[in-house]
Amino acid sequence: MSKGFIFDLDGVIVDTAKYHYEAWKSLAQQFGYDFTPQDNEHFKGVSRVKSLELLLEMAQYKATPEQKDRWLSEKNTAYLALISHMNDKEILPGIPQILDLLQRQGNLIALGSASKNAEPILEKVGLLSYFNTLVDGNSVSKAKPDPEVFLKAAQQLGLPPEDCVVLEDAKAGVAAAKAAGMQCIGVGDATILKLADYCFETTAAIPLSLIKELSQ
Ligand code: BG6
Ligand code: MG
């Protein structure tokens with residue numbers, strides 16, 4: 001039986017980390033915290049609510065539940081404005097070729113993302129039609145490294161977890177894929193993504209021959 005492939009969104013299909021960074025940075029200014037690119041590394045793969053908690057911890061700022069709700073909504077409004085212009089030029093290199101190959105071979109394709117903005121982003125960059133199913137931040141209750149998002153994607157594809165391969169750029173995402181009993185291709189620093197079965201610095205470096213090999 002052929003394998004299913006489950007893609008993370010941010011950092012695997014598109015480079016939206018820079019927009020999340022800008023939106024968190026401008027929010028952090030409101031409570032006098034200088035949010036850095038290094039700080040942003042800890043936010044990759046982390047849900048919006050958890051990210052705000054992390055930010056408040058970094059800034060040592062105690063916020064009321066009302067402030068938190070307002071800031072979550074402000075952050076998302078800023079993020080939506082930043083991604084409003086996104087188009088197919090922002091697809092990470094090599095991803096269209098991988099999707100084309102999988103589609104040609106008849107493999108099933110799913111999204112497994114923490115983002116609540118996943119569907120409109122896939123639509124903006126013109127990739128939505130490749131996906132047989134989407135599991136995103138609106139449909140899971142437990143965040144990565146919990147395997148829920150990937151197990152749900154496998155279930156929606158009608159495949160057992162061991163017949164699924166995950167592509168991930170976040171440490172928590174790789175841990176979630178392995179906890180789900182799936183093979184995992186990591187994108188990023190191999191010293192951070194230690195649990196991944198294969199790791200490449202960028203999406204451009206993922207060999208199509210490996211995708212072919214794993215897709216049988
Ligand atoms: C993940 C990103 O994919 O989605 C995180 O790596 C982000 O940085 C999370 O916080 C939630 O995204 P959104 O779009 O729902 O705020
Ligand atoms: Mg990611």
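Modeller: Start at the ligand: an N or O atom in the side chain of Arg 48 is 2.8 Å from an oxygen atom of ligand 1. The model is predicted; local features need pLDDT of at least 70, side-chain atom pairs count only at pLDDT 80 or more, and totals for chains, interfaces and linings use all residues. Residues are numbered from 1 along each chain as its sequence is written, chains are lettered from A and ligands numbered from 1 in the order written, and side-chain values use heavy atoms, without hydrogens and water.

Colleague: How much of ligand 1 does the protein bury?

Modeller: Alone, ligand 1 exposes 390 Å², and the protein buries 96% of that. Those areas come from the Shrake-Rupley method with a 1.4 Å probe.

Colleague: Which residues come nearest to ligand 1?

Modeller: Asp 10, Gly 45, Val 46, Ser 115 and Lys 116, of 16 around it. A residue is near if one of its heavy atoms lies within 4 Å. By class, the shell has 4 nonpolar, 7 polar and 5 charged residues. Gly counts as polar and Lys as charged.

Colleague: Why are S4 and S5 called a pair?

Modeller: Pairing needs at least two bridges found by DSSP. S4 (residues 164-168) and S5 (residues 183-187) have 4, in the parallel sense, so they pair. One bridge joins Val 165 to Gln 183 in S5. Strands are DSSP runs of E, at least two residues; helices are runs of H or I, at least four; both are numbered from the N terminus.

Colleague: What is the strand order of the open sheet?

Modeller: S3-S2-S1-S4-S5-S6, with parallel pairing. S3 (133-135) and S6 (198-200) are the edge strands, because each pairs on one side only.

Colleague: Where does helix H8 lie?

Modeller: H8 (residues 171-179) lies across S4 and S5, at about 170 degrees to S5. Axes are lines fitted to C-alpha atoms, for helices over the stretch in contact (heavy atoms within 4.5 Å). Angles run from 0 to 180 degrees between N-to-C directions.

Colleague: Which peptide bond is cis?

Modeller: Lys 144 to Pro 145, with omega near 15 degrees. Pro 145 sits in the loop between S3 and H7.

Definitions and conventions. A polar contact is a pair of N or O atoms within 3.5 Å; within protein, one must be able to donate a hydrogen and the other to accept it, and residues adjacent in sequence count only if both atoms are side-chain atoms.
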